[in-house]
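Thanks for coming, everyone. Please take a look at the screen before I start.

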Amino acid sequence: MKTIAFFNNKGGVGKTSLVYHLAWMFSELGHRVIAVDLDPQANLSGMFFDENRLEVLWHDEEKKTINGDIAPLFEGIGDIATEPHIEKVGERIGLLVGDLALSKREGDLSEQWPKCLDRDKRAFRVITAFARLIDGASEKFQAGLALVDVGPNLGAINRAALIASDHVVIPLASDLFSLQGLGNVGPTLREWKGGWKDRIDRKPEELDITLPNGDMKPLGYIVMRHSTRLDRPVKAFRRWIEKIPLEYRKAVLQAKDPVAPIIDADEHLLGHLKDYRSLMPIAQEANKPMFMLKPADGVIGAQQNAVRSCHEDFQSLAEKIIHKLKKEP
């Protein structure tokens with residue numbers, strides 16, 4: 001099983017929509033997928049389910065959310081759920097449901113991080129809570145992929161989420177803010193990875209849990225155009241997009257004296273995703289991905305061509321991710 005986090009320090013690039021659509025596309029290609037909503041805003045869960053279903057999940061006495069599954073550990077009355085709740089979406093997609101209450105765990109996750117260096121057993125349990133929850137859910141659902149959505153920050157929740165991840169995909173918009181976010185992501189990933197390796201070496205011998213490797217290997221980046229302004233000249237768009245390959249090599253790969261190709265020839269580019277803004281409201285109303293929309297959902301005329309193009313884009317992206325995963329040792 002491979003766990004992939006979709007992460008950038010810059011918000012508003014369409015990251016959550018990306019995870020949602022990739023989950024559906026991987027499913028369509030025959031892969032069993034766990035979608036993991038670790039952004040305390042719970043927007044990914046809101047894309048999969050309407051408010052009525054979320055209200056039931058959030059207020060159910062059994063606490064059928066990620067926060068509910070980890071609550072016994074954080075409240076000092078046990079450990080994470082041995083049988084995490086998986087909300088089934090279609091035949092091959094399972095969702096670990098997000099929860100706004102997850103934000104309350106930021107302080108404890110921050111406090112326990114240095115305590116791992118003191119070989120504190122509870123600290124290790126807290127820091128690995130997400131990783132163990134994802135592993136348990138993937139085994140229960142027999143999933144080969146876990147796609148993790150996180151918020152656009154460098155806080156303790158995201159650190160624990162990234163420690164749980166084998167790979168990282170970085171969604172980018174074509175603007176200065178995304179480029180600056182990229183400059184923050186690389187050093188942060190190295191800091192978290194190095195810090196976790198130090199802590200693995202200090203695991204108490206009597207601790208009966210499996211620790212994640214915390215590899216966080218960069219798998220590549222995706223150029224998202226969801227935030228592109230219609231009034232912005234193409235020249236300005238290209239100005240920022242052409243800087244991405246070099247910045248990715250410097251900030252994320254830490255290459256010495258990097259020489260970057262043009263972006264369309266960059267091996268680290270996983271794909272371009274166009275702006276399908278006319279399809280998104282229809283998809284939200286129909287509660288399905290944009291590339292699955294039908295005329296009965298309200299797509300007419302040129303929108304039907306956009307649906308086909310959207311399907312091609314996401315299929316190409318999903319296939320490239322699978323191809324790169326297969327090349328990994």
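First, the ground rules. This is a predicted model, where local features need pLDDT of at least 70, side-chain atom pairs count only at pLDDT 80 or more, and totals for chains, interfaces and linings use all residues. Residues are numbered from 1 along each chain as its sequence is written, and side-chain values use heavy atoms, with hydrogens and water left out.

Now the overall picture. The protein has 13 helices and eight strands. Those are DSSP runs, numbered from the N terminus: H or I of at least four residues for helices, E of at least two for strands. The C-alpha trace spans about 60 × 50 × 35 Å along its principal axes. Of the 329 residues, 53% are buried. Buried means under 20% relative accessible area, exposed means over 50%, and partly exposed lies in between, with a 1.4 Å probe and protein chains only.

How far apart in sequence are the partners in contact? Take contacts between residues at least 6 apart: 78% join residues at least 24 apart. Contact here means heavy atoms within 4.5 Å.

One residue shows this well. Glu28 sits in helix α1, residues 15-28. At 35% relative accessibility, Glu28 counts as partly exposed. Beyond its neighbours within four places in sequence, Glu28 touches Arg92, Phe291, Met292 and His311. Gln315 is 287 residues from Glu28 in sequence, yet the C-alpha to C-alpha distance is 9.0 Å.

That brings us to the first pair. Helix α13 covers residues 302-327, and its axis comes within 9 Å of the α1 axis, crossing at roughly 80 degrees. Axes are lines fitted to C-alpha atoms, for helices over the stretch in contact, and angles run from 0 to 180 degrees between N-to-C directions. So α1 and α13 are roughly perpendicular. Angles of 65 to 115 degrees count as that, under 35 as roughly parallel, over 145 as roughly antiparallel, and the rest as oblique.

On the α9 side, the contact residues include Leu179 and Arg190; on the α11 side, they include Ile244 and Tyr248. The residues of this contact divide into seven nonpolar, two polar and two charged. Nonpolar means Ala, Val, Leu, Ile, Met, Phe, Trp, Tyr, Cys and Pro; charged means Asp, Glu, Lys and Arg; the others, Gly among them, are polar.
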